[in-house]
Amino acid sequence: MKIFLTGGTGFVGTHFLRDQNMAEHEVVALRRSETSSPCLPLDKEPRWITTPLDQVDAKQIAGCDALVHLASPGVS
């Protein structure tokens with residue numbers, strides 16, 4: 001399965017990425033900036049897209065079977 005994920009650098013998103021890596025799913029993950037990184041170490045990095053959510057191009061997420069939206073602004 002190929003999954004498009006928002007919020008992959010956050011606490012919940014990082015745990016989700018770890019689970020998807022164990023399940024051997026392909027993940028395309030959105031992040032706010034090049035310096036954004038997951039809060040926990042990952043065995044395998046997703047394919048990162050660095051752009052605002054409203055500017056994601058359909059070509060960047062082509063073939064994704066599911067969308068998992070875990071992003072939220074200002075969570076601390």
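The model is predicted: local features need pLDDT of at least 70, side-chain atom pairs count only at pLDDT 80 or more, and totals for chains, interfaces and linings use all residues. Residues are numbered from 1 along each chain as its sequence is written, and side-chain values use heavy atoms, with hydrogens and water left out.

The chain holds one helix and four strands, in the order β-α-β-β-β from the N terminus. Helices (H or I, at least four residues) and strands (E, at least two) are DSSP runs, numbered from the N terminus. The radius of gyration is 11 Å, close to the 11 Å of the globule rule for 76 residues, so the chain is as compact as a globular protein of that length. This radius is taken over C-alpha atoms, and the rule is 2.2 Å times the number of residues to the power 0.38.

| Property of the chain | Value |
|---|---|
| Buried share of the 76 residues | 34% |

Buried means under 20% relative accessible area, exposed over 50%, and partly exposed in between.

Asp19 lies in helix H1 (residues 11–22) and counts as partly exposed, at 45% relative accessibility. Its C-alpha atom is separated by 17 Å from that of Cys64, 45 residues apart along the chain.

Key: Buried means under 20% relative accessible area, exposed over 50%, partly exposed in between (1.4 Å probe, protein chains only).
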